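Let's take a walk through this one together. Have a look at the chains below before reading on.

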Amino acid sequence: MSITVRIPTPLRTLTEGEDEVSVEGGNVAQVIDALEAAHPGLKDRLVDDKGVRRFVNLYANDEDIRFLDGLETPLADGDTLSIIPAIAGG
Amino acid sequence: MRHRRIESIVDAVGHTPMVRLRSLERETPEVEIYLKLEYANPGGSVKDRPARQMMLDAIADGRLTKDRVLIDSTSGNTGVAYSLFGAALGYRVQLVMPENVSQARKDITRAFGTELVFSDPMEGSDGAIRHCKALVEAEPSHYFYPDQYSNASNPKAHFLGTGAEILEQVGDRITHFVTGLGTSGTMMGTTRRLKQHSRPITCVAVEPAQPFHGLEGLKHMGSSIVPPIFDPALPDELLPVETEDGWDMSDRLAADEGLHVGHSTGANVFGALTLARRIGRGCVVTLAPDRGDRYFAPLRWEKHYEW
């Protein structure tokens, strides 16, 4: 299950500048754990002990996972998980 | 001033009320805390001030004419202000914004006849800046590009307006001023005015503690395109605020003070309270850039609702 994860600009310091990384996982939670293994520090930015941090928007393909099954949202081979940043400035 | 009769909505900008935050002061009995309600501007945000100043200055010296289109990159509030004044003054407006700004914002600006261009949501506001610059470079004579990040009229609006008004309202008491950094126009202009006051006023800039944050409207300078109008030597201190602390303070202001504000206000007030606790005695002033209703997101049940 290879999932493409789109990394927003402010988190690319953790992915050696890469704007997309590929990891394995069958749902969002597994993908986040795989991200953390490959790029330590990412998980803390995305989730806390209550789940996805309130201001973080995760999209499975084009849908906000809040409107799907949250961290349990299933992902299939070839799917894209996007981490969408806040709209900063002005 | 707010009760006066005016000739145009453009004249309704500024002279915003300042409200004392008594519920917070219970934690800091020797410190007065005031919030200046910038959402009382006609476009609903602090951005009315710089947008108005940038447009009027450009009209005065001929940079903005009726045969040009005003274009800028904006996360929303500046766009609402341009759209409002563009409609009132008779100028065409085009806005570049990241595609993930809320539907409400897109609808508000379109209501004034503004045309929207969307940039990549993954690139945030920096992506919108780059996209806008590319459009202007392709057709420079077609556009007037105020560029709020580098336009001196932006901080000037706060020097002439916000800073002067704060001194009128609490000039005899204020010891500290706190506000967040976005374009940095509010911080730069207001601070320059407050530093001219006869007594010293400490000016503190709030910024998101993390590069990846949820304080819309605010910039983490260390990881962003730094606006040319930003002078890092001007603030006396940079105060980092976590997203969750700003969000929680927004909720608290609504519940305890009847102030339903955006997250940048929550961050500003959290910064003001942090400072108040530290100084123990004094008077801290901060700003409410906009209302919370600018940030309503669709709920699950209405997400696919169609009229």
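This is a predicted model: local features need pLDDT of at least 70, side-chain atom pairs count only at pLDDT 80 or more; totals for chains, interfaces and linings use all residues.

**Chain A on its own**

Chain A has 2 helices and 7 strands. Reading from the N terminus, the order of the elements is β-β-α-α-β-β-β-β-β. How does the radius of gyration of chain A sit with that of a compact globule? It agrees: for 90 residues such a globule would have a radius near 12 Å, and chain A has 12 Å. Along the principal axes, the C-alpha trace of chain A spans about 35 × 25 × 25 Å. Of the 90 residues, 49% count as buried. As for contacts in chain A between residues at least 6 apart in sequence, 47% of them join residues at least 24 apart.

**Where chain A meets chain B**

On the chain A side, 27 residues are in contact with 37 residues of chain B. The area buried between the two chains is about 2,600 Å², and carbon and sulfur atoms give 57% of that area. Across this interface there are 4 salt bridges. One of the salt bridges there pairs A:Arg54 with B:Asp248, with the closest N and O atoms 2.9 Å apart. The interface of chain A and chain B also has 2 residue pairs in polar contact, both at pLDDT 80 or more.

Which elements of chain A each supply at least two residues of the side that touches chain B? They are α2 (42-46) and β7 (80-84). The largest share, 3 residues, comes from β7(A). By class, the side of chain A that touches chain B has 15 nonpolar, 4 polar and 8 charged residues.

**A lysine with no exposed surface**

Now over to chain B. B:Lys36 is placed in strand β2 (residues 31-37) of chain B. Is B:Lys36 buried or exposed? B:Lys36 has a relative accessible area of 0%, so it counts as buried. The side chain of B:Lys36 makes a polar contact of 2.8 Å with the side chain of B:Glu165, and another of 2.9 Å with the side chain of B:Gln169. Leaving out residues up to four places away in sequence, B:Lys36 touches a set of residues including B:Thr16, B:Met18, B:Arg49, B:Ile166 and B:Leu287.

Over all chains, the structure holds 22 salt bridges. Here are some from within chain B.

| Pair | N to O distance |
|---|---|
| B:Arg277 and B:Glu27 | 2.6 Å |
| B:Arg281 and B:Glu30 | 3.2 Å |
| B:Arg173 and B:Asp172 | 3.9 Å |

The B:Arg277 and B:Glu27 pair links distant parts of the chain, 250 residues apart. B:Arg277 is in helix α9 (residues 263-279), while B:Glu27 is in the loop between α1 (22-25) and β2. Both partners are partly exposed, B:Arg277 at 47% relative accessibility and B:Glu27 at 36%. This pair also belongs to a network of salt bridges that links B:Glu27, B:Arg252, B:Asp256 and B:Arg277.

B:Arg281 and B:Glu30 likewise link distant parts of the chain, 251 residues apart. B:Arg281 is in the loop between α9 and β10 (282-288), and B:Glu30 is in the loop between α1 and β2. B:Arg281 counts as exposed because its relative accessibility is 61%, whereas B:Glu30 is partly exposed at 43%.

As for the remaining pair in the table, B:Arg173 is partly exposed, with a relative accessible area of 38%, and B:Asp172 is exposed at 58%.

Technical notes. Residues are numbered from 1 along each chain as its sequence is written. Chains are lettered from A and ligands numbered from 1 in the order in which they are written. Side-chain values use heavy atoms; hydrogens and water are left out. Contact means heavy atoms within 4.5 Å. Buried area is the accessible area (1.4 Å probe) that two parts lose on being put together, summed over both. A salt bridge is a side-chain nitrogen of Lys or Arg within 4 Å of a carboxyl oxygen of Asp or Glu. A polar contact is a pair of N or O atoms within 3.5 Å; within protein, one must be able to donate a hydrogen and the other to accept it, and residues adjacent in sequence count only if both atoms are side-chain atoms. Helices (H or I, at least four residues) and strands (E, at least two) are DSSP runs, numbered from the N terminus. Ala, Val, Leu, Ile, Met, Phe, Trp, Tyr, Cys and Pro count as nonpolar, Asp, Glu, Lys and Arg as charged, and the others, Gly among them, as polar. The radius of gyration is taken over C-alpha atoms; the globule rule is 2.2 Å times the number of residues to the power 0.38. Buried means under 20% relative accessible area, exposed over 50%, partly exposed in between (1.4 Å probe, protein chains only).
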